[in-house]
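I opened the model to look up its ligand site, its sheets and a few backbone details. The entries follow in the order in which I made them.

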Amino acid sequence: MSRPAPVLPGATIGIVGGGQLGRMLALEARRMAYRVVVLDPQEDAPGAQVADEHIAAPLGDLDAARELARRSDVVTLEWENADAAVLRELEGRVPLRPGPQVLEVAQHRLREKETARRLGLPTPKFAPVRSAEELERALGEIGTPAVLKTVRGGYDGRGQAVIRRPEEAEAARATLSALEPELILEEWIDFRLEVSAICARTDAGEIATYPIGENIHREGILDASRIPAPISPALAAEARGMGEALAEGLGVVGLLAVEIFVGKDDRLFFNEIAPRPHNSGHYTWEACAVSQFEQHLRAVCALPLGRPEQLRPAAMVNLLGEDIGNGEGLPALPEALAEGAVSLHLYGKREARPRRKMGHLTALAEDSAEALALARRARQILTRRG
Ligand SMILES: Nc1ncnc2c1ncn2[C@@H]1O[C@H](COP(=O)(O)OP(=O)(O)OP(=O)(O)O)[C@@H](O)[C@H]1O
Ligand SMILES: [Mg+2]
């Protein structure tokens, strides 16, 4: 089989979506002298601020998708939920990496779990829910506590309801099915910790996986990551194997982040995938020779991957809208950054809203617990929250 020709600096990379992930992809691409064109509806989207060109149009706009294809040598996504029609439009005109077969799975929680199961990976028990009858049957199989989720469109914990007692289930179904008719009921895993495996894969089948990191959520949204995760080498190897099995099984070209629960008894459970840079991989910018953003671009441009080794233990804490507002916390920035090896990333979002990711801090230290404490101390100074 012939391999795609490398896309070299000077060429134009199209990015669907101009949020913070698109911004960081664009910054890394421009460092390597690629040109970048971002598709995003918002005039001053974080990614549009740093791209060479911006197509300001809805992500579902077929004319805009055609225009993106026309201006790009290769197209990738910072956001996996693009319409199937847009993906078809792009795919027919320009190399689209990763391909639709990956995105169709990543957009759909039921397909994700079925794919993981087909590849022999352990998942929480799950069942589809499209009606009150199916919910009752699913509850009978899975029991409570459980979590009901929309199969599409959820992020940062949106589109989910925890069901502690069977009596709560029908009300949750009614609320969620107003958002999206197809739901999935999942067994609630009383996990010890959450981890992610961030793998990169090229079309030639080369795979590189970053060290396994621990992810700490707060109210369903990622709050902090520490890398490496405090787990045994054997468990880390198992988590890595899960990531690589999915990257290979799906034929991913680009990054694949795989979220995994570590049970109290050290059993691992697949949670979900994201075929793009992941919030838990932001630390790679400072702590690894090749960042997740560069790694994704290398795979997308058919270049060899960088070695995914970590040079220093690290931690990342998110800065949310409620933390920094529209910059009210920033007068304390000099004090926060005086804490030591802490780096600041702000995404240039004009409007702070609660739960909106506005930026993050990365800290480096002798071990990842110390890095986490340092990152939290800096955030505390900046935001009055630890
Ligand atoms: N089956 C489960 N058992 C226990 N906790 C769960 C389960 N499903 C989800 N959670 C918790 O809710 C968080 C968010 O869930 P999930 O990853 O499915 O949704 P999401 O909205 O796509 O999140 P994100 O965009 O932050 O990745 C998980 O990281 C975990 O903390
Ligand atoms: Mg998740």
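Which N or O atom does a nitrogen atom of ligand 1 have in the side chain of Glu186, and at what distance? I found such an atom 3.1 Å from the ligand nitrogen; a polar contact here is a pair of N or O atoms within 3.5 Å, where within protein one must be able to donate a hydrogen and the other to accept it, and residues adjacent in sequence count only if both atoms are side-chain atoms.

Basis of the entries. I am working on a predicted model, in which local features need pLDDT of at least 70 and side-chain atom pairs count only at pLDDT 80 or more, while totals for chains, interfaces and linings use all residues. Residues are numbered from 1 along each chain as its sequence is written, chains are lettered from A and ligands numbered from 1 in the order in which they are written, and side-chain values use heavy atoms, with hydrogens and water left out.

Ligand site. I looked up two further polar contacts of ligand 1. A polar backbone atom of Glu187 is 2.9 Å from a nitrogen atom of the ligand, and a polar side-chain atom of His217 is 3.3 Å from a ligand oxygen atom. The protein covers 92% of the 610 Å² of accessible area that ligand 1 has on its own (Shrake-Rupley method, 1.4 Å probe; for residues, only the protein chains shown count as cover). I then listed the elements that give two or more residues to the shell: β6, β8, β9 (191-201), β13 (254-263) and β14 (268-274). Helices (H or I, at least four residues) and strands (E, at least two) are DSSP runs, numbered from the N terminus. The shell holds 21 residues, and the closest are Lys149, Asp156, Gly157, Glu194 and Glu272 (a residue is near if one of its heavy atoms lies within 4 Å). By class I get six nonpolar, six polar and nine charged residues; Ala, Val, Leu, Ile, Met, Phe, Trp, Tyr, Cys and Pro count as nonpolar, Asp, Glu, Lys and Arg as charged, and the others, Gly among them, as polar.

Antiparallel sheet. I read an open sheet of four strands in the order β5-β8-β6-β7, with antiparallel pairing (two strands pair if DSSP finds at least two bridges between them). β5 (126-129) and β7 (160-163) each have a single partner strand, so one side of each is left without a neighbour in the sheet. The twist averages 20 degrees from one strand to the next; axes are lines fitted to C-alpha atoms, for helices over the stretch in contact, and angles run from 0 to 180 degrees between N-to-C directions. β5 and β8 (183-187) are joined by four bridges, and Phe126 stands opposite Glu186 in β8. Helix α6 (132-142) touches β5, β6 (146-150) and β8, at about 170 degrees to β5 (contact means heavy atoms within 4.5 Å). Helix α7 (169-179) touches β5, β6, β7 and β8, at about 20 degrees to β6.

Parallel sheet. I found another open sheet of four strands, in the order β3-β2-β1-β4 and with parallel pairing. β3 (53-55) and β4 (74-77) are its edge strands. β1 (12-16) pairs with β4 over four bridges, and Gly14 has Val75 as its bridge partner in β4. Helix α1 (20-31) packs on this sheet, touching β1 and β2 (35-39).

Backbone details. I noted a cis peptide bond between Arg97 and Pro98, with omega about 0 degrees; Pro98 is in the loop between α3 (84-91) and α4 (100-106). The bond from Thr144 to Pro145 is also cis, with omega near -5 degrees, and Pro145 lies in the loop between α6 and β6.
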